[in-house]
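Have a look at the picture first, then read on.

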Amino acid sequence: MDKTAIEKIIKQVLAELGKTSDAIPVELSARHVHLSRADMDTLFGFGENPTPAKELSQPGQFLSKERVRLIGPRGVIDNVAVLGPARPESQVEISLTDARILGIDTPVRQSGEIEDTPGIVLSSHKGIVGLDQGVIVAGRHIHMPAKDAARFNVRDGDRIKVRMNSSRPVVMEDVLVRVSDRFNLAMHIDFDEGNACGWKQGVPGTIVTNQEKVVEF
Ligand SMILES: [Zn+2]
(Lines give C-alpha, C1' and ligand atoms only; values in the text may rest on other atoms or scores of the structure.)
Protein backbone atom coordinates (compact mmCIF):
# COMPACT_ATOMS: atom_id res chain seq x y z
CA MET A 1 0.00 0.00 0.00
CA ASP A 2 1.45 3.38 -0.91
CA LYS A 3 1.92 6.22 1.48
CA THR A 4 -1.00 8.38 0.28
CA ALA A 5 -3.41 5.47 0.61
CA ILE A 6 -2.28 4.87 4.18
CA GLU A 7 -2.55 8.57 5.03
CA LYS A 8 -6.05 8.62 3.58
CA ILE A 9 -7.12 5.72 5.79
CA ILE A 10 -5.55 7.31 8.86
CA LYS A 11 -7.44 10.53 8.12
CA GLN A 12 -10.73 8.65 7.80
CA VAL A 13 -10.14 6.79 11.06
CA LEU A 14 -9.30 10.01 12.90
CA ALA A 15 -12.40 11.73 11.49
CA GLU A 16 -14.53 8.81 12.69
CA LEU A 17 -12.99 8.94 16.17
CA GLY A 18 -13.51 12.71 16.32
CA LYS A 19 -17.25 12.34 15.83
CA THR A 20 -19.17 12.69 19.04
CA SER A 21 -21.02 9.52 19.87
CA ASP A 22 -24.82 9.65 19.81
CA ALA A 23 -24.96 6.94 22.46
CA ILE A 24 -26.78 7.74 25.69
CA PRO A 25 -25.55 5.80 28.72
CA VAL A 26 -28.38 3.82 30.31
CA GLU A 27 -28.66 3.02 34.01
CA LEU A 28 -31.12 0.69 35.73
CA SER A 29 -32.80 2.12 38.82
CA ALA A 30 -33.53 -0.54 41.38
CA ARG A 31 -36.47 0.01 43.75
CA HIS A 32 -35.59 2.67 46.29
CA VAL A 33 -37.00 5.30 48.62
CA HIS A 34 -36.25 8.96 49.24
CA LEU A 35 -37.12 10.05 52.77
CA SER A 36 -38.03 13.35 54.33
CA ARG A 37 -35.94 14.47 57.28
CA ALA A 38 -38.78 13.63 59.69
CA ASP A 39 -39.39 10.13 58.27
CA MET A 40 -35.65 9.47 58.25
CA ASP A 41 -35.47 10.37 61.95
CA THR A 42 -38.47 8.17 62.82
CA LEU A 43 -37.01 5.19 60.97
CA PHE A 44 -33.35 5.53 61.90
CA GLY A 45 -33.15 7.81 64.92
CA PHE A 46 -31.85 11.32 65.16
CA GLY A 47 -28.33 11.86 63.99
CA GLU A 48 -26.06 11.81 61.00
CA ASN A 49 -28.33 10.07 58.53
CA PRO A 50 -28.68 9.11 55.78
CA THR A 51 -25.21 7.55 55.85
CA PRO A 52 -23.54 7.64 52.40
CA ALA A 53 -22.37 4.23 51.14
CA LYS A 54 -21.85 4.87 47.42
CA GLU A 55 -22.08 7.87 45.11
CA LEU A 56 -24.59 7.73 42.26
CA SER A 57 -24.13 9.08 38.73
CA GLN A 58 -26.02 12.30 39.42
CA PRO A 59 -23.93 14.77 41.45
CA GLY A 60 -24.79 14.90 45.16
CA GLN A 61 -27.03 11.79 45.08
CA PHE A 62 -25.92 8.74 47.01
CA LEU A 63 -26.93 5.26 48.05
CA SER A 64 -27.11 5.19 51.84
CA LYS A 65 -26.36 2.40 54.29
CA GLU A 66 -29.94 2.51 55.58
CA ARG A 67 -32.54 -0.01 54.39
CA VAL A 68 -36.31 -0.21 54.82
CA ARG A 69 -39.10 -2.75 54.48
CA LEU A 70 -42.02 -1.87 52.18
CA ILE A 71 -45.33 -3.11 53.55
CA GLY A 72 -48.37 -3.27 51.28
CA PRO A 73 -51.82 -4.84 51.68
CA ARG A 74 -50.76 -8.00 49.81
CA GLY A 75 -47.06 -8.39 50.50
CA VAL A 76 -43.78 -7.00 51.76
CA ILE A 77 -40.43 -6.25 50.15
CA ASP A 78 -37.35 -6.19 52.38
CA ASN A 79 -33.97 -4.55 52.25
CA VAL A 80 -35.00 -1.64 50.04
CA ALA A 81 -32.35 0.99 49.36
CA VAL A 82 -32.64 4.48 50.82
CA LEU A 83 -31.10 7.22 48.66
CA GLY A 84 -29.75 10.46 50.04
CA PRO A 85 -29.78 13.28 50.76
CA ALA A 86 -33.13 13.72 52.55
CA ARG A 87 -35.86 15.34 50.42
CA PRO A 88 -38.77 17.65 51.27
CA GLU A 89 -41.20 14.72 50.83
CA SER A 90 -40.80 10.97 51.07
CA GLN A 91 -41.17 9.05 47.81
CA VAL A 92 -41.10 5.31 47.07
CA GLU A 93 -40.03 4.22 43.57
CA ILE A 94 -40.95 0.66 42.62
CA SER A 95 -41.44 -1.40 39.46
CA LEU A 96 -44.83 -2.60 38.25
CA THR A 97 -43.79 -6.11 39.34
CA ASP A 98 -43.13 -4.78 42.86
CA ALA A 99 -46.52 -3.04 42.76
CA ARG A 100 -48.18 -6.43 42.17
CA ILE A 101 -46.24 -8.06 45.01
CA LEU A 102 -47.23 -5.27 47.41
CA GLY A 103 -50.80 -5.09 46.15
CA ILE A 104 -50.60 -1.35 45.47
CA ASP A 105 -52.08 -0.02 42.24
CA THR A 106 -49.27 2.35 41.33
CA PRO A 107 -49.22 5.00 38.59
CA VAL A 108 -46.26 5.86 36.37
CA ARG A 109 -45.07 9.32 37.42
CA GLN A 110 -41.99 11.44 37.10
CA SER A 111 -40.03 11.94 40.32
CA GLY A 112 -41.60 14.57 42.59
CA GLU A 113 -45.08 14.31 41.03
CA ILE A 114 -46.68 12.49 43.93
CA GLU A 115 -50.08 14.17 44.15
CA ASP A 116 -52.89 11.58 44.23
CA THR A 117 -50.48 8.67 44.41
CA PRO A 118 -51.04 5.74 46.80
CA GLY A 119 -49.53 5.46 50.25
CA ILE A 120 -47.54 2.68 51.90
CA VAL A 121 -46.09 1.61 55.24
CA LEU A 122 -42.32 1.67 55.75
CA SER A 123 -40.51 -0.03 58.61
CA SER A 124 -36.99 -0.42 59.90
CA HIS A 125 -35.40 -2.05 62.95
CA LYS A 126 -36.15 1.16 64.85
CA GLY A 127 -39.46 2.54 63.66
CA ILE A 128 -42.47 2.54 61.40
CA VAL A 129 -43.90 5.25 59.14
CA GLY A 130 -47.17 5.43 57.25
CA LEU A 131 -47.09 7.51 54.08
CA ASP A 132 -50.41 8.92 52.81
CA GLN A 133 -48.94 9.22 49.32
CA GLY A 134 -45.66 8.95 47.46
CA VAL A 135 -45.57 5.51 45.81
CA ILE A 136 -44.74 5.75 42.10
CA VAL A 137 -43.39 3.72 39.21
CA ALA A 138 -40.75 6.15 37.95
CA GLY A 139 -41.32 7.38 34.41
CA ARG A 140 -38.37 6.79 32.09
CA HIS A 141 -36.24 9.88 31.73
CA ILE A 142 -32.88 11.24 30.62
CA HIS A 143 -30.71 13.53 32.74
CA MET A 144 -28.99 15.86 30.30
CA PRO A 145 -26.54 18.76 30.63
CA ALA A 146 -27.32 21.73 28.34
CA LYS A 147 -24.46 20.98 25.95
CA ASP A 148 -25.89 17.52 25.24
CA ALA A 149 -29.40 18.92 24.82
CA ALA A 150 -28.02 21.30 22.17
CA ARG A 151 -26.17 18.44 20.48
CA PHE A 152 -29.27 16.22 20.40
CA ASN A 153 -31.52 19.18 19.52
CA VAL A 154 -33.94 18.59 22.41
CA ARG A 155 -35.26 20.80 25.20
CA ASP A 156 -36.15 20.41 28.85
CA GLY A 157 -39.57 18.77 29.11
CA ASP A 158 -39.49 17.15 25.65
CA ARG A 159 -40.83 13.61 25.36
CA ILE A 160 -38.72 11.59 22.97
CA LYS A 161 -38.23 8.04 21.70
CA VAL A 162 -35.10 6.09 22.54
CA ARG A 163 -34.02 2.80 21.00
CA MET A 164 -32.42 0.36 23.40
CA ASN A 165 -29.66 -1.35 21.46
CA SER A 166 -29.89 -4.54 23.48
CA SER A 167 -30.34 -8.24 22.68
CA ARG A 168 -34.13 -7.76 22.42
CA PRO A 169 -34.15 -4.21 21.09
CA VAL A 170 -37.16 -2.01 21.73
CA VAL A 171 -38.02 1.62 21.13
CA MET A 172 -39.09 3.29 24.36
CA GLU A 173 -41.57 6.11 23.89
CA ASP A 174 -42.49 8.98 26.16
CA VAL A 175 -38.98 9.42 27.57
CA LEU A 176 -38.82 12.70 29.46
CA VAL A 177 -35.82 14.94 28.80
CA ARG A 178 -34.62 16.76 31.93
CA VAL A 179 -32.01 19.42 31.17
CA SER A 180 -29.75 20.87 33.84
CA ASP A 181 -26.05 21.49 34.14
CA ARG A 182 -26.27 19.83 37.54
CA PHE A 183 -26.80 16.52 35.69
CA ASN A 184 -24.53 14.01 34.04
CA LEU A 185 -25.84 12.45 30.83
CA ALA A 186 -27.74 9.27 31.77
CA MET A 187 -31.03 7.60 30.89
CA HIS A 188 -32.85 5.96 33.78
CA ILE A 189 -35.17 2.97 33.39
CA ASP A 190 -36.35 0.42 35.93
CA PHE A 191 -35.72 -3.32 36.21
CA ASP A 192 -38.94 -4.32 34.45
CA GLU A 193 -38.01 -2.14 31.49
CA GLY A 194 -34.40 -3.33 31.46
CA ASN A 195 -35.37 -7.00 31.61
CA ALA A 196 -38.04 -6.57 28.95
CA CYS A 197 -35.38 -5.60 26.40
CA GLY A 198 -32.53 -7.78 27.66
CA TRP A 199 -30.53 -4.78 28.80
CA LYS A 200 -27.02 -5.39 30.12
CA GLN A 201 -24.42 -3.09 31.68
CA GLY A 202 -22.89 -0.86 29.00
CA VAL A 203 -25.73 -1.13 26.47
CA PRO A 204 -26.55 2.41 25.32
CA GLY A 205 -29.72 4.00 23.99
CA THR A 206 -29.99 6.13 20.87
CA ILE A 207 -32.58 8.80 20.14
CA VAL A 208 -35.08 7.88 17.44
CA THR A 209 -35.95 10.85 15.26
CA ASN A 210 -39.36 11.14 13.70
CA GLN A 211 -38.13 10.35 10.20
CA GLU A 212 -39.05 6.69 10.46
CA LYS A 213 -41.84 5.50 8.22
CA VAL A 214 -45.19 5.15 9.89
CA VAL A 215 -47.63 2.58 8.54
CA GLU A 216 -51.11 4.06 8.49
CA PHE A 217 -54.26 1.98 8.68
ZN1 LIG B 1 -33.03 9.72 37.22
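What follows is a short briefing on a sheet, a helix and a handful of individual residues. Keep in mind that this is a predicted model.

- Let's start with an open sheet made of six strands, whose order is 1-14-11-13-12-15. The pairing in this sheet is mixed.
- Which strands sit at the edges? They are strand 1, covering 26–29, and strand 15, covering 205–208, and each of them pairs on one side only.
- Going from one strand to the next, the twist averages 40°.
- Inside that order you'll find strand 11 (residues 141–144) beside strand 13 (residues 170–179). These two pair in the parallel sense, over four bridges.

**Two residues of strand 13**

- L176 is found in strand 13. Is L176 buried, exposed or partly exposed? It has 16 C-beta neighbours inside 10 Å, so it counts as partly exposed; the buried label needs 20 or more, and the exposed label needs 12 or fewer.
- Which residues does L176 touch, once you set aside its neighbours within four places in sequence? L176 is in contact with Q110, G139, H141 and R159.
- L176 and D158 are 18 residues apart in sequence, yet their C-alpha atoms are 5.9 Å apart in space.
- D174 also has its place in strand 13. The phi of D174 is near 60°, which is a positive value in a residue other than glycine.
- D174 has 12 C-beta neighbours inside 10 Å, so it counts as exposed.

**Helix 2 and its buried side**

- Helix 2 runs over residues 37–44, and its buried residues are D39, M40, L43 and F44.
- Why do we say these four lie on the same side of helix 2? Because they cover an arc of only 105° around the axis.
- What covers those buried residues? The list includes strand 2 (32–36), strand 4 (62–71) and strand 5 (76–87). It also includes strand 8 (120–123) and strand 9 (128–131).
- Just after helix 2 comes G45, which takes a positive phi of about 85°.

- The peptide bond from G84 to P85 is cis, and its omega is near 0°.

**Two loop residues**

- Where is D116? Its place is in the loop between strand 7 (108–109) and strand 8.
- D116 has a positive phi of about 60°, although it is not a glycine.
- Is D116 buried or exposed? It has 8 C-beta neighbours inside 10 Å, so D116 counts as exposed.
- G60 belongs to another stretch, the loop between strand 3 (52–55) and strand 4.
- With 9 C-beta neighbours inside 10 Å, G60 counts as exposed.
- How far apart are G60 and F183? In sequence they are 123 residues apart, while in space they are 9.8 Å apart, going from C-alpha to C-alpha.

Note on methods:
Residues numbered from 1 in each chain as written. Predicted model: local features only at pLDDT ≥ 70, side-chain atom pairs only at ≥ 80, totals over all residues. Pairing = 2+ DSSP bridges. Axes fitted to C-alpha atoms, helices over the stretch in contact; angles between N-to-C directions. Arc of directions from axis to C-beta. Contact = placed C-beta atoms within 7 Å.
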